[in-house]
Amino acid sequence: MLAFDRRGRAAVALISEEFRTGADAWREIHGFDAAAVYVRHPIQPLGVTELHGRADEIFDEVVAAISR
Amino acid sequence: MIDNLVLLDPTPERRRAMRGRTEPPPSLDGVTVGLVDIRKHQGDKVLDRLEALFGERGVEVERLAKPTYTKPAPDDVIDRIAARCDVVVEGLAD
Amino acid sequence: MDLPDDGLVLVLKEDCPTCRLIAPVAADLMRRGDLKAVYSQDDPAFPGGLAVRDDRGLEASFALNAEIVPTLVRREGGREKGRAVGWRRGEWRTLTGLDDLGGDLPDERPGCGSLSAEPGMAEELLARYGDTGLKARRIGVAFPEDPFERMFDRDWTDGLPVVPPTPARVLRMLRGASRPAGDVVGFIPPSGHACTVEKAAINAVMAGCRPEYFPVVLAALDAALETEFAWQGLLSTTMGAGVCIVVNGPVARRIGMNGAFNALGHGNRANSTIARALLLTAMNIGGAKPGGVDRSTLGHPGKRGLCFPEDESDPAWRPLARSRGIPEGVSAVTVFGFCGTGIVNDETARKPEGVTSSIALSLNAINHPRRAGGGMGAMVVVGGEFWRVYREAGWDRAGIEAALHKATERPRSEIRREHVDADGGEAGAGGDTIPKFAPGDLLVVRAGSNAGLFSTIIQGWGSGPKGSQPVTREVKP
């Protein structure tokens, strides 16, 4: 995330909702207010259709994160 | 007299000041979105669908990938990705 | 402290027969010589009848660098011009200019050890009165605060108490290795903050290491910081990974490590604290805190760190480090990312093929029994009696390793397609079997006592170029 930002590329990370505290800790130790969109948990055991559903759920937020 | 004990700090002793992120472009018109797969199991399928959704809205998409989620990507890989897109969507961390 | 700049100064202690012997000489020197100050290290009333300065804090003894008492020093303009150590009449007469001094005493008597020269005192006094050169922030703990509680409050621990990193302890730790305190060991993931040798020493003190372990800690840090080890991934993975350190070479015996009974368990200080030093470094400098960047779903007891020496006592066994390119007689560490241990029990084992089969069946279960094709590693710790079975049949490390690779091949039909790792799957393409492990992903080591038909499997994390690869580094003094 930081590496892309340093190159002038606004970036957003897709992160499991379960990792919200991890993302906060990451921001703290790296001193970088990284943008994130949180995806509903679980993810690993889902089938393709369900995973596409997860993408549908977050798409608007992703667009908002990478444009003003 | 009882001496006070002195301890040496085992931490880096500095909290990094919180830095804001690069301002994103005003809209996605003419912007290339880099969909970067960090190579965690299943993440590619979510990115597949996002690619389709961007496509429906006429937004240019580049599919890119880091070598592995287990370690930071080398600088040259980041350079290559950054050269091919204007904004980055990276995932999926779980 | 008001050390006189000119004249004679004397350091002594009551608990020293030679000091008691020369007490009248001190009184004589006060009367007619230029003795300006007498410092007593223990009893400020000794020698009686003199204006003695209390040096129980040993500040003057430190400033005068007294190694023996009595020590008589002549100073001029704040500098030392000469000294006499112990009692030698001739030397004392020369130094004082009094050629009849101590006429009724024996010619000479050796002195006693100065309290400022007791083991560990040098660092204590340097920390108190000198310039340590240490850069870390100093945090005072005021009496009657409990330093152990303060360290928990500051979130400096792994959940167990840590040793207070006082400047003296850190100085002693630094003297255990030859690397300068200011050198940067590396950038500790996940935060990427720099870790100096001094910061590593602070965390090693807290982990409970003795100074002589410090070169092993530094070598393990060097190894863990190599890109191919993927320490960042190990520290943050949901799978819950720790660092296993195998120590080879003479250093293991020198620092008293245990490779026999309970080698992988508790009870030995070096075994217990070296890997803990890495964990504390990762937590305190790298910021790897459970529930924060450390996303371990369950974790495992070995996440505290596992460190043991390989049993190199049997010349028929080629030690791990040698098989990984380290010359004979050179000490080395090998770091291996791991997700727990499990025992292989085969009390009926008589033949090497049977032992191999027992280990292989257990190896096939790691991660998932229907998963193969590489992408995960394992270390097999061959116990004493399993090794006896192998050795009697003429097997060696390479033979065992090759046999285990062969015996862990799985029928393709038993492996879930989605569990064939993208990297390793090709290896078995077309055949009826798929290897469980990719080449190089199985490590075989020797440890444990000689009674008990057991071996231990240390389950790896993701392996290969996309995961964590074992790294071996020489231990430098």
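A219(C) sits in helix α9 of chain C, which spans residues 214-224; helices here are DSSP runs of H or I with at least four residues, strands are E runs of at least two, and both are numbered from the N terminus. This is a predicted model, in which local features need pLDDT of at least 70, side-chain atom pairs count only at pLDDT 80 or more, and totals for chains, interfaces and linings use all residues. Residues are numbered from 1 along each chain as its sequence is written, chains are lettered from A and ligands numbered from 1 in the order in which they are written, and side-chain values use heavy atoms, with hydrogens and water left out.

Is A219(C) buried or exposed? Its relative accessibility is 2%, so A219(C) counts as buried. Buried means under 20% relative accessible area, exposed means over 50%, and partly exposed lies in between, using a 1.4 Å probe and protein chains only. Beyond its neighbours within four places in sequence, A219(C) is in contact with V333(C), R473(C), E474(C) and V475(C), where contact means heavy atoms within 4.5 Å. For V475(C), the separation from A219(C) is 256 residues in sequence but 5.3 Å in space, C-alpha to C-alpha.

Now turn to L298(C), in the loop between α12 (269-284) and β14 (306-309) of chain C. With 80% relative accessibility, L298(C) counts as exposed. L298(C) is 173 residues from V471(C) in sequence, and their C-alpha atoms are 26 Å apart.

Another helix of chain C to look at is α5, residues 121-129, where E123(C), L125(C), L126(C) and A127(C) are buried. Among the elements that cover these buried residues of α5(C) are α3 (59-63), β10 (138-141) and α7 (167-175) of chain C.

Next comes helix packing. Two packed helices are described by the angle between their axes and the distance between the axes. Axes are lines fitted to C-alpha atoms, for helices over the stretch in contact, and angles run from 0 to 180 degrees between N-to-C directions. In chain C, the axes of α14 (residues 352-365) and α16 (residues 397-407) come within 9 Å and cross at roughly 55°. That makes α14(C) oblique to α16(C); angles under 35 degrees count as roughly parallel, over 145 as roughly antiparallel, 65 to 115 as roughly perpendicular and the rest as oblique. From α14(C), the contact is made by T356(C), I359(C), A360(C), L363(C) and N364(C), and from α16(C) by A403(C), L404(C) and A407(C). By class, that contact has six nonpolar, two polar and no charged residues. Here Ala, Val, Leu, Ile, Met, Phe, Trp, Tyr, Cys and Pro count as nonpolar, Asp, Glu, Lys and Arg as charged, and the others, Gly among them, as polar.

Helix α14(C) also packs with α15(C) (residues 384-392), at an angle of about 135° and with the axes 8 Å apart. These two helices are therefore oblique to each other. P352(C), V355(C), T356(C) and I359(C) of α14(C) meet F386(C), V389(C) and Y390(C) of α15(C).

Finally, let's visit the interfaces. Chain A and chain B bury about 4,000 Å² between them, with 61% of it on carbon and sulfur atoms; buried area is the accessible area (1.4 Å probe) that two parts lose on being put together, summed over both. F4(A), F59(A) and R68(A) supply 18% of the area that chain A buries against chain B, more than any other three residues. Between chain C and chain B the buried area is about 2,600 Å². On the chain C side, R137(C), H193(C) and K466(C) lose the most area to chain B, together 22% of what that side buries.
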